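Below is a note for a colleague who is meeting this structure for the first time. Please read the points with the model open beside the text.

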Amino acid sequence: MRKRKTSYNWYKLLMCGLVFFVIGGTAFCMAAESKESAEKKARIEAELAAEAAEAEKAAERAVEKAAEEAERARKESFSVKPGVPAGTLDPDLNEKIVYLTFDDGPSENTQRILDILKEYNAKATFFITGSDEEHRPLIKTAYEEGHSIGLHTYSHNYSEVYASEEAYFNDLEKVGKTAEEQIGFVPYLIRFPGGSSNEVSAAYSPGIMSRLTEKVQEKGYQYYDWNVDSGDGSGAGAEEIKSRSATERYSHVMILFHDSSTKNETVEALPAVIDYYRERGYEFRAIDRKSFVSHHAVKN
């Protein structure tokens, strides 16, 4: 009887050991599988994160490339190109567009004008000179904010600019280089001092405007006059500028303003002018190759 009891105890011990072995083995396998599963999950998450990061970089590169291509196309479109059409004298009368144009800048008032344009989300065109070196970086600022840059003259000195055709184009080339230094190209848009209809030029070179209006276009430029004069060039105050700038006579309105250190009244009047046209359903665009071209009757 005693022997049987001993055998029975050994049997119990053996069974207990087997049970512990199975439980331990199972726990070990489960732990191993859990570790392998966690490692696999971590690997998958790392791979997904890497793929997402690469996709994000690819998207960023695509956006950068698209922006670079758009900028190249913009520069290409606004560069001087002989034989390439620029503008139309017969615009779509169903459109209502205002072209705000500013001569004589940049100046200490340019940033104030840009701030107003940004506030109203309105685009404009700046016909620059080379007289104010301190504020030349604002040419680039205006361009980067979506405004068009045109050429006025470097000196704006009538007696020098209109002394001869050669003198005019020498001056135009000089202001073109000023623009190129800031925005990387020479714009095709130009505005004659006094407009193409000016008669002051006759005192220096009779018939020069008749010749220049043809030759600038042969060389790939397009000149822009205006159909609304704000009066700021002759010293109008803010209220008169508002009054003279407001009209519903045209579906395509090209307003002449001036951007110089003395034109504080222009800056003061600008918001009211924008409000006037916006309330009447007009858009504000910068001049481009498809825009309306205002040409005066040449008088010299």
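**Notes on charges and contacts**

1. Gly83 is found in the loop between helix 1 and strand 1, where helices (H or I, at least four residues) and strands (E, at least two) are DSSP runs numbered from the N terminus. At 73% relative accessibility Gly83 counts as exposed; here buried means under 20% relative accessible area, exposed over 50%, and partly exposed in between, with a 1.4 Å probe and protein chains only. Although Gly83 and Lys219 are 136 residues apart in sequence, their C-alpha atoms are 7.9 Å apart in space.

2. A word on the basis of these values: this is a predicted model, in which local features need pLDDT of at least 70 and side-chain atom pairs count only at pLDDT 80 or more, while totals for chains, interfaces and linings use all residues. Residues are numbered from 1 along each chain as its sequence is written, and side-chain values use heavy atoms, with hydrogens and water left out.

3. Side chains of opposite charge can pair when their charged atoms come close. With a salt bridge taken as a side-chain nitrogen of Lys or Arg within 4 Å of a carboxyl oxygen of Asp or Glu, the count comes to 14 salt bridges. One of them joins Arg191 and Asp103, whose closest N and O atoms are 2.9 Å apart. Arg191 lies in the loop between strand 4 (189-190) and helix 6 (208-218) and Asp103 in strand 1 (residues 97-103), so this pair ties together parts that are 88 residues apart in sequence. Both Arg191 and Asp103 are buried.

4. The side chains of Glu165 and Lys215 also meet in a salt bridge, at 2.6 Å from N to O. This pair links distant parts of the chain, with Glu165 in helix 5 (residues 165-183) and Lys215 in helix 6, 50 residues apart. Glu165 counts as buried at 19% relative accessibility, whereas Lys215, at 34%, counts as partly exposed.

5. How far apart in helix 7 are Lys242 and Glu239, whose side chains meet in a salt bridge of 2.9 Å, N to O? The two are three residues apart in helix 7 (residues 238-245), and are therefore separated by about one helical turn. Lys242 is partly exposed at 25% relative accessibility, while Glu239 is exposed, with a relative accessible area of 55%.

6. Elsewhere, Glu95, Glu283 and Arg285 are linked in a network of salt bridges.

7. Val273 is found in helix 8 and is buried, with a relative accessible area of 3%. Val273 and Leu100 are 173 residues apart in sequence, and their C-alpha atoms are 9.8 Å apart in space.
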